[in-house]
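The report below sets out salt bridges, helix geometry, strand pairing and pocket lining for one model. Please read it alongside the sequence and the coordinates.

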Amino acid sequence: MNHIKSILLMLSLIIIVISCKSQEKSLTIEEAKLLCDKVEVMYTNANEEKVKEILDSAYVLYSPLFPTAARGIDAFAYNIKSNLRSFPDFKFTIDSFFVKDYNIYSFWTKTGTNSGPLGRMPSTVKSIDVSGFTISKVKDGKIIEEHTYWNVLEFYTQLGFQITPLEVEEENK
């Protein structure tokens, strides 16, 4: 009889744990849409106020453009200001998104004309139209971490850059 009571108690606890877990609040579509709208303004206008408003102080960005993660709000703010110097007509548009738990999965497009220096390189006066995908992790209403995926080679090709293969010397046989 004690064995049956123990099993029933264990099953009751499991049911309680599962029901509590399923009631955890996740990010709503409305909350995600509001964040996505702010992200568009932040990127398009290099808006530092929006950076502070929507990014957590421990923000981390993983991007194929950077060899290591960009960490912190200041690093990100520098990145978007530099971007606007290189592409004064820059436009960032979130084409679509979906939400799961506290993650926003967004498909986006960035466009602009390179009429300012790109790092240490002079402007090419060529236009870009590049699409990508970002996973944004949200904590307490702010984005804490992002992983972006986009074709950097396509970006540089649209700017007129080319890949030049290495010249390999043939060995004398």
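Just after α2, Ala46 takes a positive phi of about 50 degrees, where helices (H or I, at least four residues) and strands (E, at least two) are DSSP runs numbered from the N terminus. The model is a predicted one, in which local features need pLDDT of at least 70 and side-chain atom pairs count only at pLDDT 80 or more, while totals for chains, interfaces and linings use all residues. Residues are numbered from 1 along each chain as its sequence is written, and side-chain values use heavy atoms, with hydrogens and water left out.

**Helix α2**

The end C-alpha atoms of α2 are 24 Å apart, which agrees with the 24 Å that its 17 residues should span at 1.5 Å a residue; the expected span is 1.5 Å times one less than the number of residues. The buried residues of this helix are Ala32, Leu35, Cys36, Lys38, Val39, Met42, Tyr43 and Thr44, buried meaning under 20% relative accessible area, exposed over 50% and partly exposed in between, with a 1.4 Å probe and protein chains only.

**Salt bridges**

The structure holds five salt bridges, each defined as a side-chain nitrogen of Lys or Arg within 4 Å of a carboxyl oxygen of Asp or Glu.

| Pair | N to O distance |
|---|---|
| Asp37 and Lys33 | 2.7 Å |
| Glu48 and Lys81 | 3.2 Å |
| Asp101 and Lys100 | 3.9 Å |

Why are Asp37 and Lys33 separated by about one helical turn? The two are four residues apart in helix α2 (residues 29-45), and therefore about one helical turn lies between them. Asp37 counts as partly exposed at 31% relative accessibility, and Lys33 counts as partly exposed at 40%.

Glu48 is partly exposed, with a relative accessible area of 32%, and Lys81 is partly exposed at 35%. For Asp101, which pairs with Lys100, the relative accessible area is 46%, again partly exposed. Salt bridges that share partners also join Lys38, Lys50 and Glu53 into one network.

**Strand pairing**

Strands count as paired if DSSP finds at least two bridges between them. Strand β1 (residues 55-62) runs parallel to β6, the two being joined by four bridges, and Leu61 has Glu146 of β6 as its bridge partner. β5 and β6 pair in the antiparallel sense over eight bridges, with Ser136 standing opposite Glu146 in β6. The hairpin of β5 and β6 has two residues between the strands, and Asp140 there takes a positive phi near 55 degrees.

**The largest pocket**

The largest pocket has a volume of about 720 Å³. A pocket is an open set of points, on a 1 Å grid over the protein atoms alone, where a 1.4 Å probe fits, with protein on both sides within 12 Å along at least five of seven lines, and lining residues have an atom within 4 Å of a point. The volume is the space filled by probe spheres set on the points, which are joined across faces, edges and corners.

Of the 36 residues lining this pocket, the closest to its centre are Leu65, Phe66, Asn79, Asn83 and Lys110. Helix α4 supplies the largest share of the lining, seven residues. By class, the lining divides into 23 nonpolar, ten polar and three charged residues, with Ala, Val, Leu, Ile, Met, Phe, Trp, Tyr, Cys and Pro counted as nonpolar, Asp, Glu, Lys and Arg as charged, and the others, Gly among them, as polar.
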